[in-house]
Amino acid sequence: MKHLLKFLAALLILIYFTACEVNEPEYVVDYVPPVIPNGVNVLVGDNRVDLYWNENRDPDLAGYNIYFSYSYDGEYNIIGSSPYNYFIDDEAVNGNKYYYAVTAYDYNGNESDLSLDVVYATSRPEGFDQAIFDYRRFPNNSGYSFALYSVVAYDSIDVDFFFENYQGTFYLDVWDDTDIQDMGITSDIYDIPFAPTSGWSTTKDAIAKVGHTYVIWTWDNHFAKIRISNITNERVVFDWAYQIVEGERQLKPSVMGKRKSLEKQWTR
């Protein structure tokens, strides 16, 4: 009888552990990285670049790593991580071109390849609430020089554009070696990310309107934009941004040497 009881006990123990093994969940190691991020875009600012991209839908997504390089096919180095589909590079230096790429990683440490979008940005200086005055009444304070970040006379060798009140109609004027274009009404200075390739004013001026952004192609092959926030009979107030890298979009041939004498075919 004792031997029978030992046998039954051993059998029950065997059945118990066998059942435990059957019910024990199988652990699967995940080696599959998330999908490569796409739709990477940038918004340039003053010593900063804002990046954003399409949100990944991977169920085990943990976040994103952001990389930069000084060339598209160069070595990319990580500059930060984000749990969201945006990142601010606040260590960008004005005038330096950076190429960016983004990866996605999951909770198991799997990381995707670099994003395939060709994305670069060159941060640039900007300013707000700058005022210049009607050149007929205040000639020495009527123009602005982006290169100097300063108010100058309308006929200064450094001037890029100047303000005019002509019989109650307000104008932004440029000289013959410079171009200007009204890009229409905008909500802020950042709404126009790139200079246009055509459509420049043939009269070398544009009617000044509150809420409009204007792109200026300077005589020495730089691009700038201003957005008007206020106009009175005496002055115009604007925000501005200036690309310090010459010919960033290769739209205008370089001008070698010094600036020539200022010329303008006046229509008023």
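Guide: Here is a short tour, one term at a time. This is a predicted model, where local features need pLDDT of at least 70, side-chain atom pairs count only at pLDDT 80 or more, and totals for chains, interfaces and linings use all residues. Residues are numbered from 1 along each chain as its sequence is written, and side-chain values use heavy atoms, with hydrogens and water left out.

Visitor: How many helices and strands does the protein have?

Guide: The protein has one helix and 17 strands. Helices (H or I, at least four residues) and strands (E, at least two) are DSSP runs, numbered from the N terminus.

Visitor: Why is Asn-56 called buried?

Guide: Buried means under 20% relative accessible area, exposed means over 50%, and partly exposed is in between (1.4 Å probe, protein chains only). Asn-56 has 8% relative accessibility, so Asn-56 counts as buried. Asn-56 sits in the loop between strand E2 (49-52) and strand E3 (61-69). Across the protein, buried residues make up 43% of the 268 residues.

Visitor: What makes the pairing of Asn-56 and Asp-58 a polar contact?

Guide: A polar contact is a pair of N or O atoms within 3.5 Å; within protein, one must be able to donate a hydrogen and the other to accept it, and residues adjacent in sequence count only if both atoms are side-chain atoms. The side chains of Asn-56 and Asp-58 are joined at 3.1 Å. The Asn-56 side chain also reaches the backbone oxygen of Val-35 at 2.6 Å.

Visitor: Which residues does Tyr-76 touch, and is Tyr-76 buried or exposed?

Guide: Contact means heavy atoms within 4.5 Å. Not counting residues up to four places away in sequence, Tyr-76 touches several residues, including Tyr-67, Phe-68, Tyr-99 and Leu-114. The C-alpha atoms of Tyr-76 and Tyr-99 are separated by 8.5 Å, and these residues are 23 apart along the chain. Tyr-76 has 17% relative accessibility, so Tyr-76 counts as buried. The Tyr-76 side chain reaches the backbone oxygen of Tyr-72 at 2.8 Å.

Visitor: What makes a group of residues a nonpolar core?

Guide: A nonpolar core is a set of buried Ala, Val, Leu, Ile, Met, Phe, Trp, Tyr and Cys residues joined through side-chain atoms within 4.5 Å. The largest one here has 21 residues, and Phe-146, Phe-161, Leu-172, Ile-226 and Phe-238 touch the most other members. Strands E11 (161-166), E12 (169-173), E15 (212-217), E16 (223-231) and E17 (235-242) each supply at least two residues of this core. A second, separate core of 16 residues includes Val-49, Phe-87, Tyr-100 and Ala-104. In soluble globular proteins, nonpolar side chains tend to be buried together.

Visitor: Why is Tyr-86 called partly exposed?

Guide: Tyr-86 has 47% relative accessibility, so Tyr-86 counts as partly exposed. Tyr-86 is in strand E5 (residues 86-89).

Visitor: Why is Gln-167 called exposed, and what is the phi of Gln-167?

Guide: At 71% relative accessibility, Gln-167 counts as exposed. Gln-167 lies in the loop between E11 and E12. The phi of Gln-167 is positive, about 50 degrees, although Gln-167 is not a glycine. Most residues other than glycine have a negative phi. Asp-129, in strand E8 (residues 126-133), also has a positive phi, near 55 degrees.
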